[in-house]
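Let's walk through this structure together, one part at a time. Have the sequence and the 3D view open as you read.

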Amino acid sequence: MNIATQTMSTLCDLTLTEAADAVARGEVSSVDLTEAAFAAFDLRDDKLNAVIWSEREASLEAAAALDAKQASGAALGPLHGVPLAHKDMYYQEGRLTTCGSKIRADFRPAYSATVMDRLHAAGSLTLAGLNMAEFAQNASGHNTHYGDCHNPWGYDYCPGGSSSGSGAAVGARCVTAALGSDTGGSIRLPASMCGVSGIKPTQTRVSRYGVMPLSFSCDNVGPLARTAKDCARILSVIAGADPMDPTCATEPVPDYEAALTGDLRGLKVGVPDNYFLEDASPEVGDAFMATLEVLKARGAEIVSVSLPEMDAVATYGAIVSRCEGASAHAQWMRERPGDYALHLSGRMYGGLGIPAVTYIEALSRRGGILKTFASEVFGACDVLATPTLRWRTPTLAEADIDAGTEGAVAAFMEISINTRPINYLGLPAASVPCGLDNNGIPIGLQIIGRPFGEAKVLKVSDAFQADTDWHKTKSPVARII
Amino acid sequence: MSDDLAKLFEDVARTWSSVPLPNPVGVQMALPLQDTITGLAAEHGRMAFEEEPSSFDAALQATKETGS
């Protein structure tokens with residue numbers, strides 16, 4: 001190991017907030033961090049396949065410009081100098097945005113996403129577009145067009161999706177954080193499977209202007225990073241009203257980092273007595289129960305909660321996401337059916353067969369179901385805790401529908417059984433690492449809050465990480481130097 | 001999924017959206033919708049259509065976090 005490699009490893013081991021704070025103190029430059037990130041990708045991404053495109057020269061120029069700005073004494077943003085890479089579905093004017101698809105293989109948008117503008121205004125730079133499920137529509141990490149993304153804890157295993165490259169790149173410590181998107185678990189699942197932290201905000205909390213749509217009722221933008229504190233910093237930057245997205249909430253954005261006090265005294269953590277733990281893998285159940293002891297030691301009270309309306313949530317949620325996904329792609333399904341992966345065209349096809357009255361019924365029930373759920377559940381507790389995945393992480397082969405693997409459709413659908421309901425309900429939910437399964441693949445703890453309760457969700461997640469080391473444990477790929 | 005249901009999906013997709021069955025996986029991936037249909041039938045009669053103006057956004061506001 002030479003000096004340069006040692007430096008790369010040291011810099012890549014910094015969390016997002018550590019890196020940003022080190023830049024602010026003048027201890028490290030943006031160019032140093034950017035060179036280290038590219039060195040890590042060079043060493044670690046060969047088999048991982050987390051990257052679809054990258055721009056080394058332009059990124060180093062951008063980093064040098066950020067260093068020059070700092071040297072000039074200009075005011076700095078909270079992410080100044082930090083190189084990031086994002087799921088390849090966030091529009092940047094003139095920059096490639098494949099959406100993980102063949103159909104958009106050469107797509108260069110004419111405008112930029114609000115979240116990208118905000119991240120750049122806060123001082124970060126974007127050095128790569130990360131692998132993802134084609135049009136964000138699988139939870140396994142398969143991609144026919146750019147190659148499957150792999151799990152940094154075991155190449156044979158699903159990295160989770162649809163933000164597969166975001167989970168893998170952060171889990172391999174190539175970048176400190178990445179945006180993902182979450183329509184049925186696509187931030188929380190790769191966060192869980194790749195041993196990192198992630199948060200899906202409340203529906204409408206973050207602007208979706210310039211973000212590839214999948215299901216406009218259930219799509220959310222959020223970060224994957226090493227720690228809850230890192231997620232808090234990014235969410236503080238990207239959340240809030242956007243005149244370009246009239247569906248985005250005008251609710252004030254609190255200081256999420258200030259909420260991370262570690263003090264859980266008086267806080268009630270609800271543990272569902274139905275749905276989320278039914279038939280769970282033993283190691284998942286054991287890891288989950290151990291998390292409760294940690295939260296209890298921090299002062300939280302653990303209470304059992306019965307969740308209402310879960311059948312209705314599962315039924316109506318499936319209808320909404322299927323119909324909206326099919327609607328968004330109907331034109332291409334007519335004109336370019338052969339350019340989709342088999343499993344994707346197959347999945348969307350089902351949505352075309354659902355009657356409009358059924359879809360409208362599913363939407364019309366949503367508000368009432370949320371009110372019932374929130375009243376009964378959050379009347380009894382402050383946050384819910386569940387495993388992010390109910391069962392151990394499958395291998396890519398086990399969930400490979402396109403290969404004709406027996407049982408793959410079931411494996412494919414089961415991955416997101418504990419995350420999908422939260423999207424229909426529109427609630428904020430985080431996933432933080434809390435153990436390893438029998439195959440050495442991470443297990444995630446899901447924390448769910450009331451609408452606009454991100455601060456409390458992050459507070460509980462951060463308190464858990466204050467007393468555990470799962471988020472500090474390096475994946476095998478992150479140890480490659 | 002029964003053959004009848006597969007045929008129904010194929011007819012609806014072709015008639016209303018001009019999209020033919022893309023591949024046999026389409027039938028496989030529509031399979032879980034049988035559970036959705038069963039679930040939907042169970043909901044019928046349990047919840048009435050909301051007559052008054054309402055929205056999901058209003059529900060988010062009505063149930064939002066107010067503490068720290």
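The paragraphs below cover the sheets, a few local details and then the interface.

A word on conventions: this is a predicted model, in which local features need pLDDT of at least 70 and side-chain atom pairs count only at pLDDT 80 or more, while totals for chains, interfaces and linings use all residues. Residues are numbered from 1 along each chain as its sequence is written, chains are lettered from A and ligands numbered from 1 in the order in which they are written, and side-chain values use heavy atoms, with hydrogens and water left out.

Start with the three-stranded sheet of chain A, which is open, has the order 1-3-2 and shows mixed pairing. Helices (H or I, at least four residues) and strands (E, at least two) are DSSP runs numbered from the N terminus, and two strands pair if DSSP finds at least two bridges between them. Strand 1 and strand 2 of chain A are the edges, each pairing on one side only. Neighbouring strands here are turned by 35° against each other on average, direction ignored; axes are lines fitted to C-alpha atoms, for helices over the stretch in contact, and angles run from 0 to 180 degrees between N-to-C directions. Strand 1 and strand 3 (residues 125-130) of chain A run antiparallel and are joined by three bridges, with V51(A) opposite L130(A). Helix 3 (residues 30-48) of chain A packs on this sheet, touching strand 1, strand 2 and strand 3 of chain A, and its direction makes about 15° with that of strand 3. Contact here means heavy atoms within 4.5 Å.

In the loop between helix 3 and strand 1 of chain A lies N49(A), which has a positive phi of about 60° although it is not a glycine. Further along, a cis peptide bond with omega of about 15° joins G161(A) and S162(A); S162(A) sits in the loop between strand 3 and helix 6 (164-171) of chain A.

Next comes the open sheet of eight strands in chain A, with mixed pairing and the order 4-6-5-10-11-9-7-8. Its edges are strand 4 (177-181) and strand 8 (301-305) of chain A. Neighbouring strands of this sheet are turned by 30° against each other on average, direction ignored. Strand 9 (residues 383-387) and strand 11 (residues 442-448) of chain A pair in the antiparallel sense over four bridges, and A385(A) stands opposite I447(A).

Finally, turn to the interface, where 37 residues of chain B meet 47 residues of chain A. The chains bury about 3700 Å² between them, 68% of it on carbon and sulfur atoms; buried area is the accessible area (1.4 Å probe) that two parts lose on being put together, summed over both. In chain B, M29(B), F56(B) and E65(B) lose the most area to chain A. E65(B) also forms a salt bridge with K456(A), the closest N and O atoms being 3.0 Å apart.

Methods
Salt bridge = Lys/Arg side-chain N within 4 Å of Asp/Glu carboxyl O.
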